[in-house]
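Keep the model open as you read.

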Amino acid sequence: MVRTCLRPGPVVALGLVLVALVIGCASPGSIGERRAPLRHLMGREARSPEELRASIGWLDIEAQDAGRGTITSKDLIEFAEQARATRKPPVPFPRKSVLIVTGGGSYGAYPAGVLVGWTAAGTRPEFDVVTGISTGALLGAFAFLGASEDCELQRCYTTLRNEDIYRRNRFIPSLLSEAFADTAPLAKLIARTATDERIRRYALEHQKGRRFYVGTTDLDARRAVIWDMGAIAARDTPEDRDLFRKVLLASASIPGFFPPVRIPVTVDGKRHVERHIDGGTTSSMFFAPPWVPPEARAALPSGWLYGSDIYVLVAGKMYPDPAPVKPRAIAIASSAVSTVIYDQTRSDLHKVFLLSTVTGMNYNVAVIPRDLDSPLASTDFDPVEMTRLFNAGAEWARSGPKWRITPPGYESGEGVKFRAGTVLTDTGRGAPRGELGPPKWPLPATVPPEK
């Protein structure tokens, strides 16, 4: 064991960084800051929410021409389709479906609604592979078992409150401990939902060749770890069922906010203990191919996945909503951390798009629409706000989902701003329109399960 001693100064500094992480939790949906007026704090520097929204369209027109896209959206899609066509095998293989769910805390209510609405639309497939990180691991656990879990999925993402997920620790003592909150409530919730009976269902589906993977991060090794949850369930021992639940808890353990989860491992006969935290620390999402028997893998052609589908459910927006940041070190650090994580999510979406192009798979992405207000932080579990997000996702899916097929940066208003000075023009794009049209409000409080 390595013991680290910290002087009071570094301890306080570390505490401030952790607070920043807590406020801006590591997830794509974490830019849900409260939009309270800040002019009394910031004086003339403050910009109103209206000005911030308008700032999306403030451009240096002449300089922006230098930043015009080398490849247009149309050219990109045409190239991708041509590349995919080259992967078409002479004899088609069975079409597969891979579901990828990102982290995002309470913002997971939107993709949860997408799944339930997708069931109601009658077009939701049985996924051959489900991968999840953080809240995506919890959500993916329901998605893997199919539409029979929709009612439980809806309950979890529309009725839970903060106290059902965590208890905040006292502030000063928590600076010298592992976390600002205790996840005992979440551990109990996972134990109630990941019952022995459900875990045996994962084992049965695993034996059929379907796969469910969950991502965590080894805190000390600073590396991503991907767990084959069906293989764990298939061993059918009390220890493995406990491991199954621990992995789900670890994947959602936001570093600094929630404590790491200790997982014993045996290496060459020697017992060690690893500490695992939120999988979103190392990656916002990951792809895993459908399972193929070992004896058949050598004979697979390069295009065996041609025509199969990748579905990515993002628990957040593609780009964060503009929001005023208080002139305080913690608030600035929080906003910066969240901005970095949004960028990581977009980068990972690019990787998945490239993979789909090379393999010949179809790329489909669902995100919270730009014009859907999402004012809560990802660690605020407010049933009213989560129900609103859930209903919006369900409505989108029930009405016939219009999946995004382009990677980030190829839709209107998503480009980088180029400037040669500070004299700008308002292009009128400050109030972005959602790609999918305006939401149909009011929506019912819940979505009835499929009969």
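Accessible areas here come from the Shrake-Rupley method with a 1.4 Å probe, and for residues only the protein chains shown count as cover. On that basis the chain exposes about 22,200 Å², with carbon and sulfur atoms supplying 58% of it. The model is predicted: local features need pLDDT of at least 70, side-chain atom pairs count only at pLDDT 80 or more, and totals for chains, interfaces and linings use all residues. Residues are numbered from 1 along each chain as its sequence is written, and side-chain values use heavy atoms, leaving out hydrogens and water.

The chain has 451 residues, and 50% of them count as buried (under 20% relative accessible area, with a 1.4 Å probe and protein chains only). Its secondary structure comes to 17 helices and 12 strands. These are DSSP runs, numbered from the N terminus: helices are H or I of at least four residues, strands E of at least two.

Take helix α12, residues 196–207. Its 12 residues reach 17 Å from first C-alpha to last, close to the 16 Å expected at 1.5 Å a residue. That expected span is 1.5 Å times one less than the number of residues. The buried residues of α12 are R198, I199, Y202, A203, E205 and H206. They cover an arc of only 165° around the axis, which puts them on the same side of α12. The arc is that of the directions from the helix axis to the C-beta atoms. Just after α12, G209 takes a positive phi of about 105°.

Next comes a hairpin of β6 and β7. Strand β6 (residues 211–218) runs antiparallel to β7 (residues 223–228), and 6 bridges join them. Strands pair if DSSP finds at least two bridges between them. G215 stands opposite I226 in β7. The hairpin has 4 residues between its strands, and R222 in the turn has a positive phi of about 60°.
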